[in-house]
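Thanks for making time this morning. I would like to walk you through one structure, starting with its open space and then turning to its charged side chains and its surface.

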Amino acid sequence: QPLSREERRRRRRATAKYRTAHATRERVRVEAFNVAFAELRGLLPTLPPDKKLSKIEILRLAICYISYLNHVLDV
């Protein structure tokens, strides 16, 4: 009995080679994500400047800062 497309996909994903490649891709993706957050963090003014912020805090601060800059440009 031939395997369905889904069953072939499941079996391929179960191989150690596939899992290793997937884990590597995920590490690269997460590292790029963290680098982007670090770059954004470097552009935002905070006191103290080296204060550790969570990702959600960085996003919220960026939203507020962009809003502030838009306000400054409109005046």
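Predicted model: local features only at pLDDT ≥ 70, side-chain atom pairs only at ≥ 80, totals over all residues.

The largest pocket has a volume of about 160 Å³, where volume means the space filled by probe spheres set on grid points that are joined across faces, edges and corners. A pocket here, on a 1 Å grid over the protein atoms alone, is an open set of points where a 1.4 Å probe fits, with protein on both sides within 12 Å along at least five of seven lines, and lining residues have an atom within 4 Å of a point.

Residues are numbered from 1 along each chain as its sequence is written, and side-chain values use heavy atoms, with hydrogens and water left out.

Which helix gives the most to the lining of the largest pocket? That is helix 2, with four residues, helices being DSSP runs of H or I, at least four residues long, numbered from the N terminus. Helix 2 spans 16-43, and both it and helix 3 supply at least two residues of this lining. Among the lining residues are Asn 34, Phe 37, Arg 41, Lys 51 and Ile 58.

In the loop between helix 2 and helix 3 lies Pro 48, which is joined to Leu 47 by a cis peptide bond with omega of about -10°.

Turning to charges, a search of the whole structure finds four salt bridges, each being a side-chain nitrogen of Lys or Arg within 4 Å of a carboxyl oxygen of Asp or Glu. In helix 1 (residues 5-13), Glu 6 and Arg 9 lie three residues apart, about one turn of the helix, and their side chains meet at 3.2 Å, N to O. Glu 7 and Arg 11 also pair, with the closest N and O atoms 3.3 Å apart, and Glu 7, Arg 10 and Arg 11 are linked in a network of salt bridges. In helix 2, Arg 29 and Glu 26 are three residues apart, and their closest N and O atoms are 2.8 Å apart.

Finally, Leu 69 is found in helix 3 (residues 55-74) and has a relative accessible area of 35%, so it counts as partly exposed, between buried (under 20%) and exposed (over 50%), with a 1.4 Å probe and protein chains only.
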